[in-house]
Amino acid sequence: MSAVMPTYAPSEISFESGEGVYLFSDNGKKYLDFGSGIAVTSVGHSHPKLIKAITDQASKVLHYSNLYKIPGQEHLAQRLVDQSFASTLFSCNSGAEAVECGIKVVRKYHSENGSPKKYKIISCTESFHGRTIATLSAAQNGKHMNGFLPMLEGFEQAAFGDVDNIKKLITNETAAILVEPIQGEGGINTADAKYFRELRNIADEYGILLFMDEVQTGIGRTGKLFAHQWFDIKPDVVAIAKGLGGGFPIGGCLANKRVSAAMSPGTHGSTYGGNPLASAAANAVLDIVLEDGFMDHVQTMGSYLQSQLNLIGGKYDFLGKVKGRGLLIGINCEPEIINTDIVRLAENNGLLLVPAGNNVIRVIPPLIVSQKEIDEALSIFDHVCDSLRN
Ligand SMILES: *Cc1c(COP(=O)(O)O)cnc(C)c1O
């Protein structure tokens, strides 16, 4: 038995190196990485600017604590604030921690504003927010909770995309609505801009906060820095992680002015959060994704990939709808075929994809992907589907 705690069932492949959208296994085989380590390697593998930022910082100082000022963290926070609704950033190390921070700031906001009894969060069916107890409690995924009960009290669920359902659940104990702009793990489930605008209105009407989990959708994945920007709304709190470090573990919780004002020294913390090395990595990623034309590139490549996938989907009965935005794309599999079977076959043919909930295949290449590389991936995908036809 492996000494690694058996929480994963990994394929036998391991990789020795990466370059752009390619990964190279230790037996020398080349793979097109259209999974990006689950939407993490946003700027591709071995990006020279990211390598330089990390090695430069590593040669100076890796870590010191938040007991001292960390200029790289201040710079990162200021840049994300300048680009968004937010007034402040809390830096942490993962997506689950970013959501945990959001849960805490939401409660603290109401507590500081004379409503300590407002603590309940309405989340959505099919959501995913991480694997800690609080984030499991928010998502209420039966499979993930099994064996870990009891969950935390204070979370209720509404059907994703259903405004009336949320309205019915609101009481004078409701603190916030927690929602992903596009549900990633749940199967690339989308809702229209109207839904999110109504959520903003409801939140304002009832004095509750709009808390968006952009751990998967954020940092350019959908073709805007944050996916909620497609809906022309301003959330109160946003969790980010995955693509932020381009492969270096870092997460963050962005909060607007009134929510930030509820936090004060000692109310939250993280030993590693935003340390010099992590902040250097995230700043390098921002250097790249904030370049002129980068988001246009993601949008153009996303539209191209989606339209070509639609063409391939039309050829095979076992493939269904293509959905998503930018380079966060899913393709439905009909019940007669299992998404993981296609993913495994694609892997054998040199194309890495990621399964998602509801029998969906996720196609989430690095944001720097070119049209030629997309064509290469599509040709493998088409070949794999063709081999499944009989
Ligand atoms: C991946 C993910 C998380 C959890 O992130 P970790 O870094 O694995 O803790 C939370 N929310 C969403 C939407 C995610 O996609």
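The second largest cavity is lined by Ala39, Ser42, Val215, Gln216, Gly218, Ile219, Arg221, Gly243 and Leu367, and about 40 Å³ of space lies within this cavity. The model is predicted: local features need pLDDT of at least 70 and side-chain atom pairs count only at pLDDT 80 or more, while totals for chains, interfaces and linings use all residues. Residues are numbered from 1 along each chain as its sequence is written, and side-chain values use heavy atoms, with hydrogens and water left out.

**Cavities**

- The structure holds two cavities of 30 Å³ or more; a cavity is a set of points, on a 1 Å grid over the protein atoms alone, where a 1.4 Å probe fits but cannot get out, and lining residues have an atom within 4 Å of a point.
- A volume is the space filled by probe spheres set on the points, with grid points joined across faces, edges and corners.
- The lining of the second largest cavity divides into four nonpolar, four polar and one charged residue (nonpolar: Ala, Val, Leu, Ile, Met, Phe, Trp, Tyr, Cys and Pro; charged: Asp, Glu, Lys and Arg; polar: the others, Gly among them).
- The largest cavity has a volume of about 50 Å³, and its lining consists of Phe34, Leu305, Leu309, Leu351, Leu353, Val363, Ala377, Leu378 and Phe381.
- By class, the lining of the largest cavity has nine nonpolar residues, with no polar and no charged ones.
- Helix H11 (294-315) and helix H13 (371-388) each supply at least two residues of the lining of the largest cavity, and H13 gives the most, with three (helices are DSSP runs of H or I with at least four residues, strands are runs of E with at least two, and both are numbered from the N terminus).

**Second largest pocket**

- About 830 Å³ of space lies in the second largest pocket, a pocket being an open set of points with protein on both sides within 12 Å along at least five of seven lines.
- Its lining comprises 28 residues, of which Gln73, Thr88, Leu89, Phe90 and Ser91 lie nearest the centre of the pocket.
- Helix H3 (71-82), strand S4 (88-92), helix H4 (95-112) and strand S12 (251-255) each supply at least two lining residues; H3 gives the most, with five.
- The lining of this pocket has 12 nonpolar, 14 polar and two charged residues.

**Backbone features**

- Most residues other than glycine have a negative phi, and most peptide bonds are trans.
- Isoleucine 219, one of the residues lining the second largest cavity, has a positive phi near 55°.
- Isoleucine 219 is placed in the loop between strand S10 (209-213) and strand S11 (237-240), and it counts as buried because its relative accessibility is 2% (buried: under 20% relative accessible area; exposed: over 50%; partly exposed: in between; 1.4 Å probe, protein chains only).
- Asparagine 358 also has a positive phi, of about 60°, and is placed in the loop between strand S16 (354-356) and strand S17 (360-363).
- Asparagine 358 counts as partly exposed because its relative accessibility is 49%.

**The loop between H6 and S6**

- A cis peptide bond joins leucine 149 and proline 150, with omega about 0°; proline 150 is found in the loop between H6 and S6.
- Phenylalanine 148 is placed in the loop between helix H6 (142-145) and strand S6 (155-158), and it counts as partly exposed because its relative accessibility is 49%.
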